[in-house]
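Hello,

Here is the structure I promised to pass on. My notes on it follow below.

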Amino acid sequence: MASRKPPTRNDSPAFRRWALLLVTFARALMFFNRFVRSYALPSRFKPVAIRMTSTITGESGRKYTRGKVLQNHRANTSLSVFMADSEDDHFVVKRVTRPFYDLSKHLALEFGSSSRLRVHVDCNDEEAVLVFPYYETTLLALIQGDPEFPTEGQMKVLQQVGEAIQELYSQDWMHLDVKPDNVLVNCNTSQEGCKTVAGTALGDFDLVCKCEQAKPLKTPYAIGNVMWRSPEGQMGRGVTKASDIYSFELVCRTLSSRTSAMRIGPLL
């Protein structure tokens with residue numbers, strides 16, 4: 001009589017019951033996920049691209065309807081930059097961290113009347129939202145996308161940026177992130193297609209720093225954009241007002257390389 005093999009662990013009744021239960025649970029979970037995706041949730045909750053819109057009331061009492069995303073914040077979408085409309089005017093709204101919000105309020109007290117520095121024109125204290133005037137393009141976009149942009153317009157933009165840096169320096173502030181995509185530009189276009197500069201402002205004060213008794217700034221990390229920062233900004237040591245001038249000169253030289261007719265000497 002052939003001997004019977006003792007039941008293995010995989011053949012035991014308890015194991016078969018657990019395996020059957022696991023398979024049943026997996027099938028139920030697959031069905032539930034399919035049901036949720038197709039029927040259970042309204043369309044606005046389905047995994048599609050979401051356009052965030054809401055109304056923000058500024059400190060002035062003016063209401064801003066938030067629209068499309070201008071710049072998406074990868075780590076925290078609530079900190080993204082949005083276009084907003086109010087009374088047929090365009091604005092830019094941005095929720096910021098509380099320390100930067102407080103710093104921006106201080107900058108607005110010192111430079112609120114400036115036409116060369118883009119400080120906020122309204123705010124919402126409860127949500128730490130800043131409202132900025134809207135500019136249609138940047139100097140970087142003009143460099144990359146409009147090779148026919150007239151030399152006179154380039155010179156005007158650079159002059160405005162130089163005056164903006166000087167305005168910061170008059171109150172002992174350093175920008176520390178001077179680069180073409182932080183230079184905001186509005187243009188007028190004639191019927192013949194000719195562009196003229198209507199307005200320019202230096203923006204983005206995320207790295208702005210007050211000079212304390214003209215002491216060089218020292219940090220444990222590099223300061224500014226890798227393509228536009230000064231050697232001392234790269235090292236994070238000995239950063240002064242001259243560091244902004246170095247970055248500004250790089251911007252000027254970038255534009256001057258596009259046309260030999262451009263003279264940047266008076267602006268430096």
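Predicted model: local features only at pLDDT ≥ 70, side-chain atom pairs only at ≥ 80, totals over all residues.

Two strands count as paired here if DSSP finds at least two bridges between them. By that rule β2 pairs with strand β3 (residues 81–86): four bridges join them, and they run antiparallel.

First, the overall picture. The chain holds six helices and eleven strands. Of its 268 residues, 36% are buried. Its exposed surface comes to about 17,200 Å², with 54% supplied by carbon and sulfur atoms. Among contacts with a separation of 6 or more, 56% are between residues 24 or more positions apart.

Back to β2. On the β1 side, strand β1 (residues 55–57) pairs with β2 (residues 63–71) over three bridges, again in the antiparallel sense. Threonine 55 stands opposite threonine 65 of β2. The two strands make a hairpin, with five residues between them. Look at glycine 61 in that turn: its phi is positive, about 95°.

Next, another sheet. Three strands make it up, in the order β7-β9-β10. The sheet is open and the pairing is antiparallel. Which strands stand at the edges? They are β7 (137–138) and β10 (195–202). Each has a single partner strand, so one side of each lacks a neighbour in the sheet.

Helix α4 (residues 151–170) packs on this sheet. The helix touches β9 and β10, and its direction makes about 15° with that of β10.

The link between β7 and β9 (residues 183–189) consists of two bridges. Threonine 137 has valine 185 in β9 as its bridge partner. As a reminder, strands of a sheet pair through backbone hydrogen bonds. In a regular strand, side chains alternate between the two faces of the sheet.

Best wishes

Methods: Residues numbered from 1 in each chain as written. Heavy atoms only, no water. Contact = heavy atoms within 4.5 Å. Axes fitted to C-alpha atoms, helices over the stretch in contact; angles between N-to-C directions. Buried < 20%, exposed > 50% of the residue type's maximum accessible area, 1.4 Å probe, protein only. Areas by Shrake-Rupley, 256 points an atom, 1.4 Å probe, with all protein chains shown as cover.
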